[in-house]
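Thanks, everyone. Let me put the chain up, and then I will walk you through it.

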Amino acid sequence: MLRGLRTFWVAGIALVATGCSITQSIEPLDAVDVSLVCVLDNPEIHMAGFQPEMRELIEQRGIRTDVYSGSRPARCSHYLEHTANWKWDLAMYLSYADLRVYDAQGLAGQATYDARSGSGRMDKFGPTREKLAPLVDELFAQVNSVELIRGGEQADQGRDEDSDGRSVEARLEELDRLHDRGLITEAAYEERLRAILADL
């Protein structure tokens with residue numbers, strides 16, 4: 001009887017343990033320079049805000065994003081494919097998300113959030129963004145943002161080199177975007193703004 005009871009408790013503990021697992025697995029990109037990540041549109045994801053939030057989190061790191069369908073655009077050095085699913089348990093919650101970044105050689109980095117076995121955990125609930133942000137941060141942690149490097153150097157040195165031949169309006173828009181996202185300091189913003197206006 002005691003032995004049977006012990007077996008019952010061990011089985012019960014094992015069942016609870018397997019039903020309470022939320023895991024994250026992240027293989028970050030190497031320390032490379034990235035200016036643009038092209039995101040493959042995934043119409044299978046039924047949460048409309050997922051892709052925009054993911055793109056915003058990437059862009060907060062100073063890396064531009066662009067969405068494409070079909071074949072990969074040649075202008076991009078890195079491409080991101082993603083999937084995500086939600087479940088219902090008193091409320092909707094993100095149960096699974098997988099982000100995969102590719103370069104010319106193949107898979108360059110991957111981040112996965114898996115709460116499919118986390119039915120007994122209350123921390124499965126919460127905004128999708130809270131689950132997604134750590135994945136993006138760690139996935140791109142070692143990446144050097146070309147835009148941040150270029151913008152920071154130009155602002156710090158009071159230069160506004162424009163090898164792309166962009167108009168003053170385009171340069172002002174880029175500067176405002178960097179400033180609004182907190183990617184450059186107020187002093188650097190004002191200094192670079194004066195340098196751009198000096199070209200008028």
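First, the ground rules. This is a predicted model, where local features need pLDDT of at least 70, side-chain atom pairs count only at pLDDT 80 or more, and totals for chains, interfaces and linings use all residues. Residues are numbered from 1 along each chain as its sequence is written, and side-chain values use heavy atoms, with hydrogens and water left out.

Now the fold. The protein chain has six helices and eight strands. Helices here are DSSP runs of H or I with at least four residues, strands are runs of E with at least two, and both are numbered from the N terminus. In sequence order the pattern reads α-β-β-β-α-β-β-β-β-α-β-α-α-α.

How much of the chain is buried? Of the 200 residues, 36% are buried. Buried means under 20% relative accessible area, exposed means over 50%, and partly exposed is in between, with a 1.4 Å probe and protein chains only. The accessible surface is about 11,400 Å², and carbon and sulfur atoms own 53% of that. Those areas come from the Shrake-Rupley method with a 1.4 Å probe; for residues, only the protein chains shown count as cover.

Contacts next. Take the contacts with a separation of 6 or more: 68% of them join residues 24 or more positions apart. A contact is heavy atoms within 4.5 Å.

Look at helix 2, residues 50–59. Its buried residues are Phe50, Gln51, Met54, Leu57, Ile58 and Glu59. What covers them? The cover includes strand 3 (36–40), strand 4 (64–68), strand 5 (78–88), strand 6 (92–103) and helix 3 (128–139).

On to charges. Side chains of opposite charge can pair when their charged atoms come close. The structure holds eight salt bridges, each a side-chain nitrogen of Lys or Arg within 4 Å of a carboxyl oxygen of Asp or Glu.

One is lysine 124 with aspartate 89, with the closest N and O atoms 2.4 Å apart. Lysine 124 sits in the loop between strand 7 (106–117) and helix 3, and aspartate 89 in the loop between strand 5 and strand 6, so the pair ties together parts 35 residues apart in sequence. Lysine 124 is buried, at 1% relative accessibility. Aspartate 89 is partly exposed, at 29%.

Another is arginine 72 with glutamate 81, at 3.3 Å between the closest N and O atoms. Arginine 72 is partly exposed at 36%. Glutamate 81 is partly exposed too, at 27%.

Then aspartate 123 with arginine 121, where the closest N and O atoms are 2.6 Å apart. Aspartate 123 is partly exposed at 39%, and arginine 121 is partly exposed at 27%.

Glu169, Glu173, Asp176 and Asp180 gather in a negative patch on the surface. Patch residues have over 30% relative accessible area and no salt bridge; like charges are joined within 9 Å, and nonpolar side chains (Val, Leu, Ile, Met, Phe, Trp, Tyr) within 5 Å. Aspartate 176 lies in helix 5, residues 168–180. Its relative accessibility is 33%, so aspartate 176 counts as partly exposed.

Last stop: leucine 90. Where does leucine 90 lie? Leucine 90 is in the loop between strand 5 and strand 6. Its phi is near 75°, a positive value in a residue other than glycine. Leucine 90 is exposed, at 75% relative accessibility.

Notes: Lys, Arg positive; Asp, Glu negative; His and termini not counted. Charge placed at Lys NZ, Arg CZ, Asp CG, Glu CD.
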